[in-house]
Amino acid sequence: MLIGSALLLASGQRAPSIDESRHFLALRPVTDQQFAEGQALARRLGALYPQSKNKGHAALVGRVALRLLEAADTPGKQRWNIVIFDTGRVNALAAVGNWFFVWRGVLAFAKSEDELAAILAHEIGHALAGHLQDGSAALNAYGAAIESNG
C-alpha cells in the first residue's frame, strides 16, 4: 500500500511534510480514468521494485519536485503522486494521471540537487506538454519493457 502526505503549492499554505515514498504535489487536472491508468502502472512497477522507506530520499525528491512545479507555475492544484523505488536502477518516469516514479539509482547518479532537478524537470516537462495523455497502450508498452529488462 502506498502512503503519502500532502504537499500544497499555493503560497501561504503549510510547509511540506514528507513521510514515505509517495507524496502529493499539484500539477494538472486529470480524469478518474487517467489516474487509474497511472495507478495501474504504479502497482505493476511496485510488484517489481520495492518502495524506498528512506525519508531523506523522500525529502530530497519532494523538495526538488516542489521547487520545479512552483517555478513552472503549473495550472490547477491537483494531487501529483511520487513513488521512489529502492533499487540502483537509474531511471525516472512521469506517467499519465499525475504519477511520477523515481528509482534510487537516479539519486546516486545526480551529483547535486541541480542535477536531480534537471532529471526531474525533464519528466515534469513531459507531463506539462501533455505527452502522457496517450492512455493505457503506452503505459502497457512501458510496463512490459520494464518487466522484460528488470
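What follows is a conversation about how some words are applied to this predicted model.

Visitor: What should I know before we start?
Guide: This is a predicted model, where local features need pLDDT of at least 70, side-chain atom pairs count only at pLDDT 80 or more, and totals for chains, interfaces and linings use all residues. Residues are numbered from 1 along each chain as its sequence is written, and side-chain values use heavy atoms, with hydrogens and water left out.

Visitor: How many helices and strands does the protein have, and what makes a run count as one?
Guide: There are five helices and five strands. Helices (H or I, at least four residues) and strands (E, at least two) are DSSP runs, numbered from the N terminus. In that direction the elements read β-β-α-α-β-β-β-α-α-α.

Visitor: Why is asparagine 98 called buried?
Guide: Buried means under 20% relative accessible area, exposed over 50%, and partly exposed in between (1.4 Å probe, protein chains only). Asparagine 98 has 3% relative accessibility, so it counts as buried. Its place is the loop between strand S4 (92–95) and strand S5 (99–103). Across the 150 residues of the protein, 44% count as buried.

Visitor: Why does alanine 121 count as partly exposed?
Guide: Its relative accessibility is 34%, so alanine 121 falls in the partly exposed class. You will find alanine 121 in helix H4 (residues 113–128). Alanine 72 is 49 residues from alanine 121 in sequence, and their C-alpha atoms are 9.4 Å apart in space.

Visitor: Why is isoleucine 119 partly exposed?
Guide: Isoleucine 119 has 22% relative accessibility and therefore counts as partly exposed. Isoleucine 119 also belongs to helix H4.

Visitor: Which residues does isoleucine 119 touch, and what makes a contact?
Guide: Contact means heavy atoms within 4.5 Å. Leaving aside residues up to four places away in sequence, isoleucine 119 touches Ala92, Val106, Phe109 and Ala110. Between isoleucine 119 and valine 102, 17 residues apart along the chain, the C-alpha separation is 9.8 Å.

Visitor: What makes proline 50 partly exposed?
Guide: The relative accessible area of proline 50 is 45%, so the term is partly exposed. Proline 50 sits in the loop between helix H1 (32–48) and H2. Not counting residues up to four places away in sequence, proline 50 touches Ile84, Phe85, Asp86 and Thr87.

Visitor: Why is H2 called oblique to H4?
Guide: The axes of helix H2 (residues 55–71) and H4 come within 9 Å and cross at roughly 60 degrees. That angle makes H2 oblique to H4. Angles under 35 degrees count as roughly parallel, over 145 as roughly antiparallel, 65 to 115 as roughly perpendicular and the rest as oblique. The axes are lines fitted to C-alpha atoms, for helices over the stretch in contact, and angles run from 0 to 180 degrees between N-to-C directions.

Visitor: Which residues make the contact between H2 and H4?
Guide: On H2 they are Leu60, Val61, Arg63, Val64, Ala65, Arg67, Leu68 and Leu69, and on H4 they are Glu113, Asp114, Leu116, Ala117, Leu120, Ala121 and Ile124. This contact has 11 nonpolar residues, no polar ones and four charged. Here Ala, Val, Leu, Ile, Met, Phe, Trp, Tyr, Cys and Pro count as nonpolar, Asp, Glu, Lys and Arg as charged, and the others, Gly among them, as polar.
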